[in-house]
Amino acid sequence: MSVSGLLSLLGGLALFLYGMQMMSSGLEAAAGSKMKLILERLTANRFLGVLVGAGITAVIQSSSATTVMVVGFVNSGMMTLKQAVWIIMGANIGTTITGQLIALDVGAVAPLFAFVGVAMVVFLKKPQIHHYGNILAGLGVLFIGMEMMGSAMEPLREWPAFVNLVSTFSNPVVGILAGAAFTALIQSSSASVGILQALSSTGLVTFG
């Protein structure tokens with residue numbers, strides 16, 4: 001990969017992560033204290049707890065944020081560990097929503113999302129509207145970053161060393177270890193999945 005390709009890949013990853021952060025911050029700010037209230041009231045039933053965990057995480061796009069929030073409730077005595085387990089399980093289900101959004105391939109309208117979101121933040125005065133603007137802008141930036149990563153990875157199809165490296169992931173153990181190590185490094189399973197989807201879209205990685 002050339003230097004420009006590497007910079008494009010890193011820039012795409014940066015935009016992807018920043019877009020997720022913008023969405024998360026905007027949604028948390030828009031929801032305010034409502035998320036805590038929902039978590040406190042709807043965790044008595046284990047199945048409802050899973051649904052709440054999945055729903056909250058799908059909204060704020062961060063299973064880590066949901067988990068940290070729940071751990072805080074447990075430490076303060078507002079929630080038992082048994083209740084927390086089901087919410088955390090749901091959080092790991094909800095984090096897959098990012099992958100589903102990416103799979104829709106709405107990159108063509110990503111700049112429009114970003115423009116409308118930024119316009120809402122810059123030209124409108126209400127703080128609540130600013131939160132929604134951040135959500136839209138974050139979604140647009142996320143998809144722009146995804147497209148940049150996909151474009152940067154296309155030349156890798158012609159690089160034998162990378163093709164050989166990727167082929168080793170056909171071993172399930174190696175694949176699991178590689179995924180765990182990369183996610184631990186960048187602290188975002190959604191970003192790991194996004195990069196993998198970008199690789200798959202270029203034909204470098206098969207579904208298997």
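Residues are numbered from 1 along each chain as its sequence is written, and side-chain values use heavy atoms, with hydrogens and water left out. As the model is predicted, local features need pLDDT of at least 70 and side-chain atom pairs count only at pLDDT 80 or more, whereas totals for chains, interfaces and linings use all residues.

The protein chain contains eleven helices and zero strands, where helices (H or I, at least four residues) and strands (E, at least two) are DSSP runs numbered from the N terminus. The order of elements from the N terminus is accordingly α-α-α-α-α-α-α-α-α-α-α. With contact taken as heavy atoms within 4.5 Å, 74% of the contacts between residues at least 6 apart in sequence join residues at least 24 apart.

Of the 208 residues, 38% count as buried (under 20% relative accessible area; exposed is over 50% and partly exposed in between, with a 1.4 Å probe and protein chains only). The chain exposes about 11700 Å², of which carbon and sulfur atoms supply 70%; accessible areas come from the Shrake-Rupley method with a 1.4 Å probe, and for residues only the protein chains shown count as cover.

A nonpolar core is a set of buried Ala, Val, Leu, Ile, Met, Phe, Trp, Tyr and Cys residues joined through side-chain atoms within 4.5 Å. The largest such core has 16 residues, and Phe16, Leu142, Phe143, Met149, Ile195 and Leu199 touch the most other members. Helices H1 (3-31), H8 (127-153) and H11 (189-201) each supply at least two residues of this core, and H8 gives the most, with six. Another core, of six residues, lies apart from it and includes Val70, Phe73, Met79 and Ala84.

Helix H7 covers residues 110-123, and its end C-alpha atoms are 20 Å apart, in agreement with the 20 Å that its 14 residues should span at 1.5 Å a residue (1.5 Å times one less than the number of residues). Its buried residues are Ala110, Ala114, Gly117, Ala119 and Met120. Val121, also in H7, is partly exposed, with a relative accessible area of 30%.

Ile129 lies in helix H8 and is partly exposed, at 25% relative accessible area. Leaving aside neighbours within four places in sequence, Ile129 is in contact with Met120 and Leu124. Ile129 and Gly26 are 103 residues apart in sequence and 9.7 Å apart in space, C-alpha to C-alpha.
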